[in-house]
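Please open the model in a viewer and keep the selection tool at hand.

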Amino acid sequence: MDKDLIIDVSDSGVEIALLEDKQLVEFHQEKVDKHHLVGDIYLGIVKKVMPALNAAFVDVGHEKEGFLHYLDLGIKFNSIAKFTRNALNSNTDNNIKEPNLEKNGLISNVLKPGQIIMVQITKEAISTKGPRLSGEISFAGRYLVLVPFSNAISISKKVKESSERDRLKRLINSIKSPDTGIIIRTTAEGKSVAELDASLKDISNKWDSVKKKLPKTLPPAKLISEVDKSTAILRDFLSDEFNNIYVNNQDTYEELRQYIHSISPEKENIIKYYKNNAPIFENFGIANQIRSSFGKVVTVRSGIYIVIEQTEAMCVIDVNSGNKVKDSNNQDENLFSVNCEAAVAIARQLRLRDIGGIIVVDFIDMTSIEHRKLLYNKMEEEMRKDKARHTILPLSKFGLMQITRHRVKPIIEVNVSEVCPMCEGTGKVKSSLTVISDIEHDLRYLVQEQNEKQLTLTTHPFINAYITKGLLNSLRKQWAKTYGVKIKVEKADSFGLFEYQFSNKDKEIIKL
C-alpha cells in the first residue's frame, strides 16, 4: 500500500492529509491558538475534590478545569507528587520512591484543594467539558515510552514472536536507568540496540528538561509540549510504506527533514518541499475528497450512500442502498454486497473524521445468519487499519452494529455548506412583491428627502423584467410619473434575486 502525507501550512494553522493509495483516510487540523494537546504536561492546581465522583478538578490554565479521576492517578502518583513538592521547595532529597497508590482508594485521601500537582493531558477539551487529565506521566518516542519512577518493562502485544520479545526486553534492560519504566512500542520490532538507545536518550532528555524547569514554574503552567501534530504523525505512522511527504512551508520542511534524519536517516529523501503556485490540497486532489467526504450524506459508489448524524451522546450512521438493488435478481447477495461496501466506507469515515465515543450503525437488514457473521468480520478487518482503540459488537437482531472508539480530541468538522444568502437558513424567501414595495419605499425617500431627480436602479433580471413589463404601463413609467423622476432600470446577472441598488446621475452608488 502506498502512503503519502500532505501538509498544508497556513497562517491559521496546519492541516495534514494522510493518503493511502491516493485515497484520503485521515485528516488532521492543528490551529495556531491550540494550547492544550494530548501529551502535554502541566503543573496544575487542585481546585475542587469531589468525593462523590472520586475525582478532582484541576486548573491547568484552560477556561474549563481539567478532570482527574482517582483511577487515572497511576500507581506511582505518590512518588511523582513527592518529587513535585521537593522540586518546588528546592528540596534535594533523592529518596523519592513512595508506596504505590491503592487501586480502590479515595481521592480525598490523596488530593486537597490548593495542592500543586503534575498532570498530563489524555483527552482534549470537548464541547462543554474540560481536558481529561492523568497523574501517570509518560514520554512517548519513536520506539519507546518512558514512565518515570517505575522499573517495569512492558512490550506491545502486537509483537508476537517470543524470541523478539525476549530480545527487546534484554536490550532495554541493559540500557535503561533503574528509576524509569519503559514501554516498548510495536515499531521497535527488529530495531538495533543503537536505534533503541537513541530513542531512549531522546525521551530521557524530555524528562530531564521537565526536572530542570519545574522549580522555576508557577502553576498553572505548561512544563513541556507534545511534539506538533505533523511530527507526532511521523513518529507514530512512519513506515516502509511511506512514499512521499509533501509540505508547502520551508521552515516546517526543514524541521521535519531534521526529525526524519534523527529517527530514520535512510528515509530523509521522502520529504519534499512543495513549491507550485496551485494550493497543495488542490494539486493532490485532497480538496475535492474533503468536500465529498465531510457532508451529512456521503456517497459511496454504485448509488450507495451513508447518512452520518453526530449528537452529543453518540454518532448514528444509516446505510442506504440507493438504486443498487433495484435491478438485481439475488437480493440477499446484493444486500450483503451493499453492506460490505458501506462497512469499508464507514471504517474510513471514523478515521477521517476521528469520530469517537459510541457509534451505532444501521445496516440494511439481512436474513442470512452467515451474511451477518461475514459482515461483522469485514468491519473488524477494516477497523484493524485504525490505530485508535476500539470495540465492535456483532449485529443485533435489529440489524444494528455498536462500535466504541477511543476519542481524545473533538470530532473533526469541515464546513462543506453555507447559509443560503436568499433565505438566511430559514428555507423561506420574501415574496417578490415585498421587494417591489421595498424598492418603491427607497425611491420615494431618495426623491422626496434627498431631492434626487435622475436615478438608475439595478436589479436581478427577474425583478428587472417585472418592473419594466408593459410598454406604456410598466412600473417604471408609473414611478416616473408619480414621483417626477427620471428612472432607468438595469439588470445584473450577478445580483441575488432580492438584491438591488440605486445610482445617481453621476453613476455613484447611493448607500441606503
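**First stop: a buried leucine**

Select Leu-256, which counts as buried because its relative accessible area is 1%, under the 20% limit. The model shown is a predicted one. Leu-256 belongs to helix H5, which covers residues 250–263.

Next, display the open sheet whose 4 strands follow the order E9-E10-E12-E11, with mixed pairing. Its edges are strand E9 (139–140) and strand E11 (153–155), each of which pairs on one side only. Select residues 144–148 and residues 180–184 to see strands E10 and E12, which run antiparallel and are joined by 5 bridges. To inspect a particular pair, pick Val-145; its bridge partner in E12 is Ile-183.

Helix H2 (residues 162–175) touches E10, E11 and E12, and its direction makes about 150° with that of E11. Helix H3 (residues 193–213) touches E9, E10 and E12; here the angle between the direction of the helix and that of E10 is about 35°.

Remain with helix H3 and select Ser-199, which is located in it. Is Ser-199 buried or exposed? With 7% relative accessibility, Ser-199 is classed as buried, because the class applies under 20%. Its side chain reaches the backbone nitrogen of Tyr-143 at 3.4 Å. Which residues are in contact with Ser-199, once neighbours within four places in sequence are left aside? They are Gly-141, Arg-142, Tyr-143 and Leu-144.

Move on to another open sheet, where 4 strands are arranged in the order E23-E22-E24-E25 and the pairing is mixed. Strand E23 (486–491) and strand E25 (509–510) are the edge strands, each pairing on one side only. Select residues 454–459, which form strand E22; this strand runs parallel to E23, and 6 bridges join the two. Within that pairing, Thr-456 stands opposite Lys-488 in E23. Then show residues 461–468, helix H11, which packs on the sheet and touches E22 and E23. The direction of helix H11 makes about 145° with that of E23.

Strands of a sheet pair through backbone hydrogen bonds, in either a parallel or an antiparallel manner. Select residues 357–362, strand E19, together with strand E18 (residues 314–320): they pair in the parallel sense over 5 bridges. Ile-317 has Val-361 of E19 as its bridge partner.

**Last stop: two cysteines**

Finally, select Cys-315 and Cys-340. Cys-315 is buried, with a relative accessible area of 0%. Cys-340 is likewise buried, at 14%. How many disulfides does the structure hold? The number is 0.

Note on methods:
Residues are numbered from 1 along each chain as its sequence is written. This is a predicted model: local features need pLDDT of at least 70, side-chain atom pairs count only at pLDDT 80 or more; totals for chains, interfaces and linings use all residues. Side-chain values use heavy atoms; hydrogens and water are left out. Two strands pair if DSSP finds at least two bridges between them. Contact means heavy atoms within 4.5 Å. Axes are lines fitted to C-alpha atoms, for helices over the stretch in contact, and angles run from 0 to 180 degrees between N-to-C directions. Buried means under 20% relative accessible area, exposed over 50%, partly exposed in between (1.4 Å probe, protein chains only). A polar contact is a pair of N or O atoms within 3.5 Å; within protein, one must be able to donate a hydrogen and the other to accept it, and residues adjacent in sequence count only if both atoms are side-chain atoms. A disulfide is a pair of cysteine sulfur atoms within 2.5 Å.
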